[in-house]
Amino acid sequence: RKICLILTLLWAIVIFAYSAQAGAESEGTSRWAGTMFARIFVPGFDDWSEAEQIEFAEKIDHPVRKAAHFTEYAILGFLVAGTYATKDKSKKKNILIPWLLATIYAATDELHQVFVPGRDGNIKDVLLDSAGCIFGVTMMLLLLNISFPSRKQERPETIDAK
């Protein structure tokens with residue numbers, strides 16, 4: 001749990017740092033990610049002209065940004081769930097509290113972007129982030145259930161002696 005807490009705090013700092021990028025810098029980061037995606041998954045991409053590569057990266061900019069939102073908050077949800085989950089808590093609390101905490105962070109992150117030049121806050125991004133959070137929380141709980149299955153004590157059968 002302590003490791004997850006440290007990783008959660010570090011990941012929140014990473015998210016904050018990317019959100020603090022000015023609009024032009026953020027677009028450059030997205031374009032770079034789109035270019036890396038294309039180099040890996042689009043056959044012959046390196047043979048395209050520079051203009052064609054830039055055009056392709058710009059075309060996939062929106063999906064790249066949305067995938068980044070979902071993924072970064074899936075990771076946050078995963079880490080928060082790892083920080084919070086214990087055997088003593090009900091399953092509802094193991095899901096609800098980490099999801100709420102990560103979603104609240106997503107909302108404050110979007111609010112933060114309102115004050116960054118060239119950026120804006122977007123409620124749709126909070127909803128997407130929230131979906132990423134619940135995905136990450138679910139993945140952590142599945143991992144914990146696989147790694148540490150609950151062992152219910154078997155009740156001894158009672159035998160009626162007649």
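Five aromatic pairs turn up when the whole structure is searched, where a pair means rings of Phe, Tyr or Trp (its six-membered ring) with centres within 6.5 Å. One of them joins Phe37 and Phe41, with ring centres 4.9 Å apart and planes at 40°, so this pair is tilted; planes under 30 degrees apart count as stacked, over 60 as edge-to-face and the rest as tilted. Keep in mind that this is a predicted model, where local features need pLDDT of at least 70, side-chain atom pairs count only at pLDDT 80 or more, and totals for chains, interfaces and linings use all residues. Residues are numbered from 1 along each chain as its sequence is written, and side-chain values use heavy atoms, with hydrogens and water left out.

**Aromatic rings**

- Phe37 and Phe41 both sit in helix H2 (residues 23–41), four residues apart, or about one turn of the helix; helices here are DSSP runs (H or I, at least four residues), numbered from the N terminus.
- Phe41 counts as exposed at 54% relative accessibility, while Phe37 is partly exposed at 39% (buried is under 20% relative accessible area, exposed over 50%, partly exposed in between, with a 1.4 Å probe and protein chains only).
- Trp48 and Phe56 make an edge-to-face pair, 5.6 Å centre to centre with 80° between the planes.

**Around Thr83**

- Thr83 is part of helix H4 (residues 61–84), and at 17% relative accessible area Thr83 is buried.
- Setting aside neighbours within four places in sequence, Thr83 touches Arg1, Cys4, Leu5 and Thr8 (contact means heavy atoms within 4.5 Å).
- The side chain of Thr83 also has a polar contact with the side chain of Thr8, at 3.3 Å; that term covers N or O atoms within 3.5 Å, one able to donate a hydrogen and the other to accept it, and residues adjacent in sequence count only if both atoms are side-chain atoms.
- The backbone oxygen of Cys4 is reached by the Thr83 side chain at 3.3 Å.

**The largest pocket**

- The largest pocket holds about 840 Å³ of space (a pocket is an open set of points on a 1 Å grid where a 1.4 Å probe fits, with protein on both sides within 12 Å along at least five of seven lines; lining residues have an atom within 4 Å of a point).
- Its lining has 30 residues, with Ser30, Val64, Arg65, Ala68 and His69 nearest the centre.
- H4 gives the most to this lining, 10 residues.

Key:
Helix = DSSP H or I, 4+ residues; strand = E, 2+ residues; numbered from the N terminus. Points joined across faces, edges and corners; volume = space filled by probe spheres on them.
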